Amino acid sequence: MESIWEKTAQLPTFQPLRGDTRADVLVIGGGLAGLLCAYQLTKAGADCVLLEAGRLCGGTTKNTTAKLTVQHGLVYHKLLKRFGLRRTQAYLDANLQALERIRDICQDIPCDFEEKTSYVYSLDDQKALDQELSALDALGCPAALVKKLPLPFPVAGAVRLGHQAQFHPLKLAAGLLNGPRIFERTRALEVKTGEALTDGGTVRADHIIVATHFPFLNKFGAYWMKLYQSRSYVLALKNAPDVGGMYVDGSGKGLSFRNYDGLLLLGGGGHRTGKAGGGWSGLEDFARHHYPEAEPVSRWAAQDCMTLDGVPYIGPYSPRTPGISVATGFNKWGMTSSMVSAILLTDLVLGRDNPFQEVFSPSRSVLHPQLAVNAGESVLNLLTPTRPRCPHMGCALKYDPQEHSWDCPCHGSRFAADGRLLDGPATGDLIHDRAKPAK
């Protein structure tokens, strides 16, 4: 299972940390969010160290579909109801600024950047489309309604937004590496204000940014309650049509489409990690039926952190952890959210005001229906008397026969059949003799 990004780009390797060191800023996590934070801070004159537990961009970044857009589904009418005009405008403006900042960076980094029109479609909900158009109009965003799409099924319509983009995430990442001191295969074991203990030494820093996808410090911030993780799947098809833009189902349950280098990237099959879902089989059935001449050349899966209210958590890790910041919960829109994180956290580290701090504050209200769902999953799986158990917080793991992995329905940690850690927030492997699929 290798994404087309891995097949078409190579990142250099970096040595593990050996011994203690000092920096102005320590960034923990070497995905696109961490790299952009380190890149922006280095440009601002800060001495940065970046730690990655495995390989750079070895998680969600290499498995994204790399759509760069401020259209995050049919979300703006929901955000207006939830947050009001001022905070929703801040969310949109932050993502518009992120889009333009990445556009500027990509002028100097060859990363297959292409301007594309973005479409969020609905199969049958005209009301949702009308509400989204009204919301975007109130926010001053020039969207339009279209009734026909070059997709192999009828739709009620789609909200169209021009001047969005797509690119190659690993080629962009390769252009961000000059400046920070980077250490791979170096796992942060303990973090407190002013220092991080790793398996290779201690890093002392005035500021620490945790950009590890799912935050791993359980004692602070209650991220284990505020986040859950979702799997989604992608097929890269040759001999399939060029759809001309970027398309996503506004319900969050359908399919996404974009092209890259003569291939059609077909995405979907999403489900909460540790629960049953469609996976690749549904995508393969769709391709056989609608694109009978197409042939899969690659397939992969992504994992995304989902927040309670649909907005990322970017800012101080918690009120009790001065000097420690976090970037997480990108809700499947990590390309713009990574850049929002870099802009906001650079300002935070440098002591500058940022107009978007309030809307992304990790300490905002948790009183949303998703909190009860997350709590219910945790209680159910903590009380389930089966093994193996997740070393993160002790939930019962579920075996996924399609990906041959043990997955945690509580917080999304994943382990290979031999017990090797695949995805956090767990920080260690399973005991191998407990990581065997049931017969």
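This is a predicted model: local features need pLDDT of at least 70, side-chain atom pairs count only at pLDDT 80 or more; totals for chains, interfaces and linings use all residues.
Two strands count as paired if DSSP finds at least two bridges between them.

**Strand S4 and its partners**
- Strand S4 (residues 114–122) pairs in the parallel sense with strand S12 (residues 246–249) over four bridges, and within S12 it is Met246 that stands opposite Ser118.
- S4 is also joined to strand S6 (residues 157–166), which runs antiparallel to S4, by eight bridges, and Glu114 has Gln166 in S6 as its bridge partner.

**Strand S11 and its partners**
- Strand S11 (residues 228–238) is largely enclosed by the rest of the structure, because ten of its eleven residues are buried.
- Eleven bridges link S11 to strand S15 (residues 295–306) in the antiparallel sense, with Lys238 standing opposite Glu295 in S15.
- An antiparallel pairing of seven bridges connects S11 with strand S14 (residues 263–272), where Leu264 stands opposite Leu237.

**Helices H3 and H4**
- Helix H3 (residues 76–83) packs with helix H4 (residues 85–106) at an angle of about 140°, their axes lying 7 Å apart; angles over 145 degrees would count as roughly antiparallel, and the two helices are therefore oblique to each other.
- The crossing of H3 and H4 is right-handed.
- On the H3 side the contact involves Tyr76, Leu79, Leu80 and Phe83, which meet Leu85, Arg87, Thr88, Tyr91 and Leu92 of H4; the residues of this contact comprise seven nonpolar, one polar and one charged.

Terms used. Residues are numbered from 1 along each chain as its sequence is written. Side-chain values use heavy atoms; hydrogens and water are left out. Axes are lines fitted to C-alpha atoms, for helices over the stretch in contact, and angles run from 0 to 180 degrees between N-to-C directions. Angles under 35 degrees count as roughly parallel, over 145 as roughly antiparallel, 65 to 115 as roughly perpendicular and the rest as oblique. A crossing is left-handed if the near helix is turned anticlockwise from the far one by less than a right angle, and right-handed if clockwise. Contact means heavy atoms within 4.5 Å. Ala, Val, Leu, Ile, Met, Phe, Trp, Tyr, Cys and Pro count as nonpolar, Asp, Glu, Lys and Arg as charged, and the others, Gly among them, as polar. Buried means under 20% relative accessible area, exposed over 50%, partly exposed in between (1.4 Å probe, protein chains only).
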